[in-house]
Amino acid sequence: MLEGKKIVLCVAGGIAAYKVVEVASKLRQRGAEVHVIMTREAKEFVTELTFREITGQPVASDMFAPVAHFNVEHIALANLADAVLIAPATANVIAKAACGIADDMMTTTLLATRAPIFFAPSMNSNMLTNDVTQENIKKLTARGWHLIEPASGHLACGTSGKGRLPEPMELVETIDEFFSAEKTLVGKNVLVTAAGTREPIDPVRYIGNRSSGRMGYSIAQEAVARGANVTLVSGLSALSVPRGLSEFISVETAAEMRSAVLERFSKADIVIKAAAVADYRAKVVAENKIKKNDDEWTLTLEKNPDILKELGQKKKAGQILVGFAAETQHLLENAKTKLEKKNLDFIVANDVTKPNAGFNTETNLIKILSRDGSIEEFPLMKKRDLAAKILDRVESIMK
Ligand code: C5P
């Protein structure tokens, strides 16, 4: 999908700049025309010559250097871009962009362009987790910039943590995916919940379930690919955070999920609740670890709030609400009851007893039940492909 696409690759001054040479090379191999902009600091890490040779294009850097190719270079690059990728996006460039500072070729281009902007923050963990950097990242994603989440692991400063530039192929895939999907959800706010909640019993134990989060994460990814502003509220999951989200909120309990979702509900156009929320929680959470004494032990549970039901009551015209029903028996009847009780637009029913379906698998077997009584059945499919079917259904309702 990158054939003929013009990618402006902004390389800022971080040690990860050396990895971006490979990004440029891979983009070009897939047929993209790559125009590199480097900051002065970036040139301390990699030379202009390297990028020029790899891309076959002149490298832009100095605002006032005589240029051979473009009249007003920063505007020319801003206009020609089909997409802009900033990698590594240093704390400095992120901060400048968040404030609208335009004091070099890169930041000026970022301010002038109307093309979608992807940024891959890469820096020392403390710089990344600093509130000011986090606030700046949020500002940019709120303006529609696509965040490519930093990876965790060894950092050049000798420590280990979050802040690595993802592998070059990941960056290339992100851009490729963006061009692959039709941009049918641009401007739409999509709120997705995923994974299971954990309800504490004491400081070391909890009640949980087998949900991996894969179905919800796939939906979030597909919505990003269709151009939506996506917020993902997730229980604990081993999966990596999808790229390009507007916001990622990690929660533990149903109560935490409820407040995260309610806070954002009024702004959402589409809400898809794929999370496996615990129906009950311990009535009293022990302050200290419970010791084993008697042969039997009774734990008193109380009901958790039903988030989806609450949303169904608050739903306004134009908002689309989708629920999931994971069942082990009477799939269709149970799903139909939930569809009505929770005031949903449709419900995705899956029989979790079937092989390769439901929790903790790559694939799923689903049926979509809608308000008009129709039932759409799908064969065993990859969760990502089912995510596309679910969003197709959402889009057909929106029409
Ligand atoms: O009623 P049941 O829990 O089976 O319904 C499943 C659907 O309701 C899922 O979409 C799930 O995310 C949502 N749910 C919820 N809050 C709960 C329980 C379930 O939002 N407390």
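These legends go with a handful of close-up views of a predicted model. Residues are numbered from 1 along each chain as its sequence is written, and side-chain values use heavy atoms, with hydrogens and water left out. Since this is a prediction, local features need pLDDT of at least 70 and side-chain atom pairs pLDDT 80 or more, while totals for chains, interfaces and linings use all residues.

**View 1. Phe119 meets Trp145.** A search of the whole structure turns up three aromatic pairs (rings of Phe, Tyr and Trp, the last by its six-membered ring, with centres within 6.5 Å; planes under 30 degrees apart are stacked, over 60 edge-to-face, the rest tilted). Here the ring centres of Phe119 and Trp145 are 5.5 Å apart with planes at 80°, so this pair is edge-to-face. Phe119 belongs to strand β4 (residues 117–121) and Trp145 to the loop between α8 (131–142) and β5 (146–147), so the contact ties together parts 26 residues apart in sequence (helices, H or I, of at least four residues and strands, E, of at least two are DSSP runs numbered from the N terminus). Phe119 is buried at 0% relative accessibility, and Trp145 is buried at 12% (buried is under 20% relative accessible area, exposed over 50%, partly exposed in between, with a 1.4 Å probe and protein chains only).

**View 2. Rings and a lysine around Phe178.** Phe178 and Phe179 also pair edge-to-face, at 5.4 Å between centres and 80° between planes. Both of these phenylalanines are buried. Ring pairs bring Phe118 in too, making a cluster with Phe178 and Phe179. Lys183 lies over the face of Phe178, 4.3 Å from the ring centre (the rule wants NZ of Lys or CZ of Arg within 6 Å of the centre and within 35 degrees of the ring normal).
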